Amino acid sequence: MKRMLVVGEDALSVALGERLVAAGLPGWEMPSPAINTGGVTKLVKALPRYIEQSRHVQPVLCVADTDGRCAVTLLGEWLPRTVPGHFMLRLAVSEAESWILADRSALAAYFEISAERIPPRPEELPDPKRKLLDLARRSGQRPVRQEVVSAQDASKPGPGYNLHLRDFVSRHWDARRAAEHSPSLARALVRIVTILG
């Protein structure tokens, strides 16, 4: 059985990485648990170790945000000139939340809102997380409204932010459908599939 290790800068990146592998490489296993590095700084620091692991142990997929920076520039800064074919670092433009927003129909159903409220090009948003929180605040689901958004500050995530969004990604989010509205996600899917070649 083929196996791939998934590493993410945070809980959402990990969940999205796992779904990417499931969509692009059906039948592949992911060693459990995937690795949440707890921040992009820690992920970048550990990249040499994951690159080496991809050479000798198993393929590795790392997922991080660009946070508004140029993806090509970041890849040039974070990676050596050449990396093994079984190592992949994929960057969500500009945040993992833009990939979540890209599956408009599934998110609309999960939040019980109109899909028309969800922008068709989430990578162009200045702050995808803020937009996601704004949509959650309008959700027809009381737990989403009360737990995803902070009661003290509507521009901040609430205590259930990761819980609900990881649940959405693992049970409802479709990488191929989302890729139609997210160029960086579409590129990530293509790259994952090429590992078979």
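Select helices α5 (104–111) and α8 (161–171). Their axes come within 11 Å and cross at roughly 130°; axes are lines fitted to C-alpha atoms, for helices over the stretch in contact, with angles from 0 to 180 degrees between N-to-C directions. The two helices are therefore oblique to each other (under 35 degrees is roughly parallel, over 145 roughly antiparallel, 65 to 115 roughly perpendicular, and the rest oblique). Helices here are DSSP runs of H or I with at least four residues, strands are runs of E with at least two, and both are numbered from the N terminus.

This is a predicted model, in which local features need pLDDT of at least 70 and side-chain atom pairs count only at pLDDT 80 or more, while totals for chains, interfaces and linings use all residues. Residues are numbered from 1 along each chain as its sequence is written, and side-chain values use heavy atoms, with hydrogens and water left out.

Next, show the side chains where α5 and α8 are in contact (heavy atoms within 4.5 Å). From α5 these are Ala106, Leu107, Tyr110 and Phe111, and from α8 they are His164, Leu165, Asp167 and Phe168.

Move to helix α6, residues 128–137. Its buried residues (under 20% relative accessible area; exposed is over 50%, partly exposed in between, with a 1.4 Å probe and protein chains only) are Pro128, Leu132, Leu133, Asp134, Leu135 and Ala136. Among the elements covering them are α4 (96–102), α7 (142–148) and again α5 and α8.

Now select Leu20, Trp99, Leu107, Phe111 and Trp173, the residues with the most contacts inside the largest nonpolar core, which has 47 residues. Such a core is a set of buried Ala, Val, Leu, Ile, Met, Phe, Trp, Tyr and Cys residues joined through side-chain atoms within 4.5 Å. Helix α1 (residues 11–24) gives the largest share of this core, 6 residues. Centre on Leu20: leaving out residues up to four places away in sequence, Leu20 touches Leu25, Leu61, Trp99, Ala175, Leu185, Ala188, Leu189 and Ile192. A second, separate core of 16 residues includes Leu5, Leu47, Cys62 and Ala64.

The last stops are in loops. Most residues other than glycine have a negative phi, and most peptide bonds are trans. Between β4 (87–92) and α4, find Ser94; a cis peptide bond joins Val93 to Ser94, with omega about -10°. Between β3 (60–65) and α3 (71–78), find Asp67, whose phi is positive, near 50°. Finish at Glu112 in the loop between α5 and α6, where phi is positive at about 55°. Glu112 counts as partly exposed because its relative accessibility is 45%.
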